[in-house]
Amino acid sequence: MQVSVYRYNPDVDEVPEMRTSALELPEGKDLMVLDVLELLKIEDPTLSYRRSCREGVCGSDGINMNGKNGLACITPVSQVAKRGKLVLRPLPGLPVIRDLVVDMSQFYRQYEKVDPFLQNDSPPPAQERLQSPEERAKLDGLYECILCACCSTACPSFWWNPDKFIGPAGLLQAYRFLADSRDTATAERLAKLDDPFSVFRCRGIMNCVSVCPKGLNPTRAIGKIRSLLLQQGT
Amino acid sequence: MDYFCTHRARCRCSGGVVVVTNVTSLTRSGLADFVVQRVSAVIIGLYALCVFGFFLANPNMSHGDLVGYFGSTTMQLFSTVTVLATVGHAWIGMWTIGTDYIQLHYFGEHATAFRFLYQSGCLLVLFVYAAWALPLFWGQ
């Protein structure tokens, strides 16, 4: 297997480079891309990347594999390698700290903008705030996001205006709280989103849906936010 | 909050602050722009259906038929509304393209000047289009 990896150490390198090496993968096993990175790191301990749970739960190892974003730990090599070649790059559109490690500050700033916490101005009941099973079901497909940033960094609108367009991950979370029957800040949340950039920069190309490792659908959530804005505005 | 460039290579902004604002947006509201764009698209589509329907229904039409059709008050009003809808629709689309692509990353420190020129050019073209079309419909 020929593995080509983006290498860049800003302290030493003037420009980034793609470093290619041949790797013998064990026969009869379909390794995950993270396993390939681990093998590479044995050969070259200076290779940097993030990883933690290695089972698609923590969202640390989002990278770009042969042009498509995904989690290295749950992506089999056979699924992404083409003609025996694997090309690994950092998530696009975010500054590189080193090799495959990106600075996610901008991504988190957009997440912060949607106030990703429950807001309720009524006095709290003695026990928890209850929901009917139907109300709870509305949160399915929304709360599962692990903030790996695969979707937002696959979105051209986020590449062009990352300071203004919230991005699919942030908007999925925005709708998660708009759809929550226990949240009472709907009007305030929607007022924050009614500008030409925050929501309406989404052109509906669905790159986010195509790359989400959890199988979520941010485009649908964005459509529902638009419907809520329309209902409120008319 | 200021945003600093994240592009990795061949970027001309040298890590500068990206300044794209919504000052020149048609309505400055994402929802209003969205509604204007959809409604204007429906108007343009209906107008196209009417005009092509007329052409199809009258294969042997004469110049007099055409003048009569477009000279009716209904079509004069419909044509005027369609031209204005096209201007609004085009401005929203072109503004979106400009604020996506004409940025520091590609145009360096002159990005704002380039965007101003681009938007002025778009406005001029749309103004000429409306100024040419409207008197045509009203027989001036």
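**Close-up views of helix packing and a cavity**

**View 1. Crossing of helix 1 and helix 2 of chain B.** In this predicted model, helix 1 of chain B and helix 2 of chain B cross in a right-handed manner (the near helix is turned clockwise from the far one by less than a right angle). Helices are DSSP runs of H or I with at least four residues, and axes are lines fitted to C-alpha atoms over the stretch in contact, with angles from 0 to 180 degrees between N-to-C directions. The contact (heavy atoms within 4.5 Å) includes Tyr47(B) and Phe54(B) of helix 1 and Leu66(B) and Tyr69(B) of helix 2.

**View 2. Helix 9 of chain A against helix 1 of chain B.** The axes of helix 9 (residues 218-233) of chain A and helix 1 of chain B come within 10 Å and cross at roughly 95 degrees, which makes the helices roughly perpendicular (65 to 115 degrees).

**View 3. The largest cavity.** About 90 Å³ of space lies in this cavity, a set of points on a 1 Å grid over the protein atoms alone where a 1.4 Å probe fits but cannot get out. Its 13 lining residues (an atom within 4 Å of a point) include Cys145(A) and Leu216(A), which are among those nearest its centre.

**Notes.** Residues are numbered from 1 along each chain as its sequence is written, and chains are lettered from A in the order written. Local features need pLDDT of at least 70, side-chain atom pairs count only at pLDDT 80 or more, totals for chains, interfaces and linings use all residues, and side-chain values use heavy atoms without hydrogens or water.

Notes:
On a 1 Å grid over the protein atoms alone, a cavity is a set of points where a 1.4 Å probe fits but cannot get out, and a pocket is an open set with protein on both sides within 12 Å along at least five of seven lines; lining residues have an atom within 4 Å of a point. Grid points are joined across faces, edges and corners, and a volume is the space filled by probe spheres set on the points. Helices (H or I, at least four residues) and strands (E, at least two) are DSSP runs, numbered from the N terminus. Angles under 35 degrees count as roughly parallel, over 145 as roughly antiparallel, 65 to 115 as roughly perpendicular and the rest as oblique.
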